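Try each one yourself before reading its solution.

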Amino acid sequence: MIKHSIPNIIVEENTPKHRKIRHFGYIRTLGLLLVLVYHFYPTILPGGFIGVDIFFTFSGYLITSLILSEVRESRKFSIKKFAERRFFRIFPTVFFGILITLPLTLFGTADLRFQLKQQVFAALSFISNIFEASTGTSYENNFAPHLYVHLWSLAIEVQFYIVWALFLWLLVKYSQKSLNSKVFFISIVITLFSSVSMIISSLSTKNFSALYYSPFFHIFPFFFGATLATLAGTDSSKFLTNFTKKHRLAGVRNLAFVSGFLLILLACLLHYDWQITFTLGFVLASVLSVLLIFSLRVIHEMTEAKEIGIIKGISDISYGVYILHWAFLVIFLNLRINHLLAVIITLFLSFSLSALMFYILDPFLRKQLRLSIFGKTAFVALTLFLLFPSVLSLIRSSGATSLTAALWQGTAAQASQNLYLAESLVETGKAGVNILVIGDSVANGTRVPFSNAPNLEKFIPGSYADTAGDRKISSDLRADLINDMKNLPENTSIVIALGTNSIVPAIDIQILKDTIKEYSGKHHLVLVTPANFSAGGPFNSDKIADWEISIKGKYKNVSIADWRTVAQNHPEYYDPDGVHISDRPAGRAVWLSLVKNALAEK
């Protein structure tokens with residue numbers, strides 16, 4: 001799932017004595033929109049996660065610029081005031097964002113409360129990146145989407161603030177001479193070391209999420225931005241003056257447009273589970289972000305033009321929107337609200353509540369806005385009203401997901417069916433079935449009793465299902481077929497519903513070819529195309545599906561049940577993970593109907 005980009009949404013530019021740079025709202029808005037589209041419709045913008053790197057780069061630039069500017073003006077850097085500004089800008093929005101969304105989890109399934117206590121603790125202590133990495137799940141392949149998984153980027157942001165601010169404070173205290181040059185050199189070294197480390201590590205691991213969440217491997221965008229800050233920060237500089245004299249405004253605007261366009265193009269092309277994303281994609285995103293930041297900074301220097309009003313408005317509340325949107329989306333999808341409607345409600349609530357937090361809550365907590373007695377009473381009453389159901393939801397935190405339960409129930413059904421098959425063989429000498437379904441956790445989920453959802457064994461009479469979680473073509477298909485066919489009649493039809501967990505498609509495709517060659521002479525084979533619309537990691541189910549679709553009609557006794565094509569425009573068919581269909585009656589009905597119709601082609 002998405003999987004999802006918060007950072008410099010939370011850095012305000014108009015700190016005391018520092019002027020606000022016009023046009024930077026375009027950066028915040030671009031980064032936010034990339035992330036929102038990616039989270040809402042990942043197939044439309046599969047690389048929208050680079051919004052994270054846009055924000056990381058911008059944050060490194062702006063924080064470093066403001067610190068260096070403060071040192072130039074006062075010859076010192078107040079780390080206490082810096083910490084106070086960061087705390088009041090970051091923590092209240094996170095706290096109230098969690099307080100608003102937690103009560104809603106009481107209306108959904110246990111999936112909404114999966115590891116909820118751990119998530120909230122990690123979010124409020126700003127270690128969500130470490131927590132998510134420790135769970136061992138992929139950033140995209142999280143079968144019970146964590147409500148606050150997106151706060152991993154805020155955690156890295158805060159970790160950067162703490163370490164970098166302390167380092168600069170010490171540097172300013174003991175060695176102010178040639179400060180810009182020192183910061184430039186240090187930033188360059190860290191940028192190169194971190195980015196090269198990510199590239200090298202990505203070549204020797206399949207666990208890309210460990211790199212993605214890492215405050216070591218994924219820190220280079222911050223320092224790429226910090227490097228730019230030493231040359232063209234928020235104050236005028238000789239470098240900026242010389243550049244504006246040598247270049248025309250039209251050329252700088254073109255640079256900004258091209259940089260932004262290439263970032264959008266990159267978001268359209270990259271995929272999270274591609275190795276090139278980690279060897280080149282993130283670095284390229286940071287380079288383009290630096291060019292966009294620089295060009296907008298120069299435009300501020302060369303013209304008095306202001307941002308478009310709506311861009312400024314989105315920029316102002318973008319931090320709150322990011323904090324709220326993912327939790328709302330996961331909750332509404334869990335409540336089985338139509339996907340488009342869930343997106344619309346999520347956007348409305350996220351923008352409305354973010355505006356209230358930005359224009360009322362933040363100024364009130366900073367003592368920049370005075371509320372009446374009625375306003376203060378209402379604020380305290382609302383907080384207490386939300387606190388009770390929030391605590392209750394934490395008490396009801398779940399240690400297991402519905403998928404886990406489904407797999408256990410599917411395993412139990414498997415054992416029961418094996419016992420029945422053995423008894424039938426002993427009593428009659430016949431298996432009593434003539435359809436074999438070999439599948440992974442997706443097929444396994446169709447066997448679990450759920451409301452009025454169709455069940456595999458009942459929907460397809462005479463079928464014997466051999467399903468299990470995490471099953472792969474390469475490691476399981478051949479052995480399972482040999483074992484299952486020992487007790488089944490020669491006219492048995494074979495349904496192969498595998499490929500969701502494919503890691504090396506070329507090997508899996510060759511095994512499927514060999515299986516067709518060996519079994520299609522005596523058996524009708526049905527291949528179900530895998531669909532993995534949200535899970536990422538090392539999986540390559542699309543390549544399996546592409547090949548299976550390409551052989552349709554080419555082999556005698558081989559039919560294709562094209563689940564991927566039928567389901568790709570129907571997110572309502574899926575559990576929140578975008579892969580399984582265990583608690584989606586409509587998805588299960590369509591999947592089983594496809595298999596049943598393909599079997600009828602015999």
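A residue is called buried under 20% relative accessible area, exposed over 50%, and partly exposed in between, with a 1.4 Å probe and protein chains only. The model is predicted, so local features need pLDDT of at least 70 and side-chain atom pairs count only at pLDDT 80 or more, while totals for chains, interfaces and linings use all residues. Residues are numbered from 1 along each chain as its sequence is written, and side-chain values use heavy atoms, leaving out hydrogens and water.

**Exercise 1.** Classify the ring pair F82 and Y161.

*Solution.* Start with the rule: rings of Phe, Tyr and Trp (its six-membered ring) pair if their centres lie within 6.5 Å, and planes under 30 degrees apart are stacked, over 60 edge-to-face, the rest tilted. The structure holds 40 such pairs. For F82 and Y161 the centres are 6.3 Å apart and the planes stand at 90°, so this pair is edge-to-face. Helices here are DSSP runs (H or I, at least four residues), numbered from the N terminus. Finally, check the burial: F82 has 6% relative accessibility and therefore counts as buried, and Y161, at 4%, is buried as well.

**Exercise 2.** Which charged end sits over the ring of Y161?

*Solution.* The test asks for NZ of Lys or CZ of Arg within 6 Å of the ring centre and within 35 degrees of the ring normal. R86 meets it, with its charged end 5.4 Å from the centre of the Y161 ring.

**Exercise 3.** Where do R564 and D542 lie, and how far apart in sequence are the parts they tie together?

*Solution.* First the contact: the closest N and O atoms of this salt bridge are 3.2 Å apart. R564 belongs to helix α22 (residues 563–567) and D542 to helix α21 (residues 541–550), so the pair ties together parts 22 residues apart in sequence. R564 is buried at 12% relative accessible area, while D542 is partly exposed at 40%.

How values were computed: Salt bridge = Lys/Arg side-chain N within 4 Å of Asp/Glu carboxyl O. Helix = DSSP H or I, 4+ residues; strand = E, 2+ residues; numbered from the N terminus.
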